[in-house]
Amino acid sequence: MSANKSPENKELIATLRQHHINILSEIERFIPDKEPKKYLYDLIKEYPSRNGKGFRPGLCLIVNKLFGGDESLALNTATALELIHNAFLVHDDVEDKSLLRRGRPTLNSDFGNSIAINIGDAMNLLSLTLLNRNYEILEIKLATRIFKEFEFMITQTLEGQAQELGWIHEDNFTISEEQYLKMILQKTCWYTTIEPIRLGIMLSNNSLGTNLNDYNYLGYYMGASFQIQDDILNLVGDQSLYGKEIGGDIIEGKRTLILINLLKKCTSKEEKRIKYIINKEKNTHSEVKYIIDMMEEYGCIEYSQRCALNLAEAAISEFNKLFDKFPDSQEKRLFENFLMYMIKREL
Amino acid sequence: MKTNNNKLSPEMVVREASSIVMKAGKILEDNISEGISMAQEIENKYFKVDELREKEDIVNKFRNDSHQALDMLFDAFSYLVKTTNEIVPATKGNIRADKSKKIPVLEPDSEICPGNKVIIPIILENESNSEAMQIELTDNGLKSNSNEIIRKNNLTYLPKTLMLNPKEKGKIEVQVYVPKNCKKGTYEGIIQDKMRTEIQALIKINVS
């Protein structure tokens, strides 16, 4: 049965969808009703609604409820998280020169880099507005702690992104698995999984007795498995489901686990050709296919799938360790289903 | 032309991939240690730590300002626990716990050589008249000024969990093993109760 269609996941998808609707309403509340609309405020309103699933704020709100939180108090922070995420996507597409996102043309593709960068900046500013609003609805100390969490999270993301862009800029192919894992920890996992869980707990009534760092491993293993699977889908997935161009990572020169593994295994002659293709400004379809075929032939995709599976199993083990003593509840089941949904992506 | 020798068997793929979780775990540990050190550096950069710990009014000001990085080290000992000294037979000198500081600094007087272990006892007292208390200490390892790390798996606590009835005292031994390849320097790290993060102490060891 497809991951999407089981009864458990129908409940999860419905919950995430409702959370996403609430988040979009919140965003709309804080967008000024004034000009310029066409190239600023209308796009800030419209972009987050483009087929996004709202994973990150959804995870935050699900965890928050599991720990006895009040959604009305957590919604503001969850919305800030979603805005930061969308800002990252917009800027990421400019940096990677991507043409497709969520099955539609990227903002830079439709409107050019300048407008896209400005939209991303505006989304970041709006997230600050929401974090500032926390001082009206939460205790001062908690509002400040949340601010510091966002500061740390965004720093990690920027550092991870800088690292990845630096590798591409320097034509650096001598990257180890450890370096890759560190890069995705910083660039992806902190803001996709680790921080939503931490924030969800912090915003709840049950946070006083909880050491947030105990949950970092769960977030990291979930996020790492998710990212590696994303890298695999980029090569062999169904574009209509995936939403981005297949082989895009090769065209962008991204240093993925699959590529790192290929460069470890291939001959010197093949390595030279691979590097030549990746360093080219534009690639033909057959060049991209050549690299994907080599990845298949050397078992790199299979290896990466196995790594993603190992990390997923580690995430499940952490979940069981942390939540074993929690009583059965709808919220606990939702979180568990979220974990499974995230790590069993459609391949 | 590639031969079948280049393709891994399923068993080889499984073996090759099995180390990924361990690698990821170590990377996260280092990342968190860096984060805590960063918070400590922020504190040291903006404030003279020792003066603040002695000046109640300044500490209160920081609580009002609520900088989370400072809260990590300046949270009040409002919870009913206190610590005392104890001489440790396993080391040459005393363990100094300076009670005038808001957070006890536990530091053996003598240096520790790599490959050796130091035992730091902590006496804890539950001052509550009615509530029992369970203490389980945790840490994120120790770090030196030159970013050398003693990983958290080198710190153990005996007992792992200490139960204190009202007005009862108990002892936890913090055992720190200094790895053989550990570089010379002063290593510090916070240990704290898993449930009550305001119960904290700073462990400080000098490696020769």
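**A walk through chain A**

Of the 347 residues of chain A, 59% count as buried, where buried means under 20% relative accessible area, exposed means over 50%, and partly exposed lies in between (1.4 Å probe, protein chains only). Keep in mind that this is a predicted model, in which local features need pLDDT of at least 70, side-chain atom pairs count only at pLDDT 80 or more, and totals for chains, interfaces and linings use all residues. Residues are numbered from 1 along each chain as its sequence is written, chains are lettered from A and ligands numbered from 1 in the order in which they are written, and side-chain values use heavy atoms, with hydrogens and water left out.

What is chain A built from? You'll find 16 helices and two strands; these are DSSP runs (helices are H or I with at least four residues, strands are E with at least two), numbered from the N terminus. Among contacts with a separation of 6 or more, 75% join residues 24 or more positions apart, a contact being heavy atoms within 4.5 Å.

Now let's zoom in on A:Asn76, which sits in helix H4 (residues 71-96). A:Asn76 is buried, at a relative accessible area of 1%. Its side chain reaches the backbone oxygen of A:Leu130 at 2.5 Å. Leaving out residues up to four places away in sequence, A:Asn76 touches A:Glu26, A:Leu130, A:Leu131, A:Arg133, A:Asn134 and A:Ile137.

Next stop is helix H13 (residues 268-279), whose twelve residues reach 16 Å from first C-alpha to last, close to the 16 Å expected at 1.5 Å a residue (the expected span is 1.5 Å times one less than the number of residues). Its buried residues are A:Glu270, A:Ile274, A:Ile277 and A:Ile278. They share one side of H13(A) because they cover an arc of only 95 degrees around the axis, going by the directions from the helix axis to the C-beta atoms. Over on the other side, A:Ser268, A:Lys269, A:Lys272 and A:Tyr276 are exposed. And what do the buried ones pack against? Helix H11 (248-252), helix H12 (257-265) and helix H14 (285-297) of chain A.

Last, the cysteines. The structure holds zero disulfides over all chains, a disulfide being a pair of cysteine sulfur atoms within 2.5 Å. Take A:Cys300: the nearest cysteine sulfur belongs to A:Cys266 and is 8.2 Å away. A:Cys300 is buried, at 0% relative accessibility, and A:Cys307 is buried with a relative accessible area of 0%.

Note on methods
A polar contact is a pair of N or O atoms within 3.5 Å; within protein, one must be able to donate a hydrogen and the other to accept it, and residues adjacent in sequence count only if both atoms are side-chain atoms.
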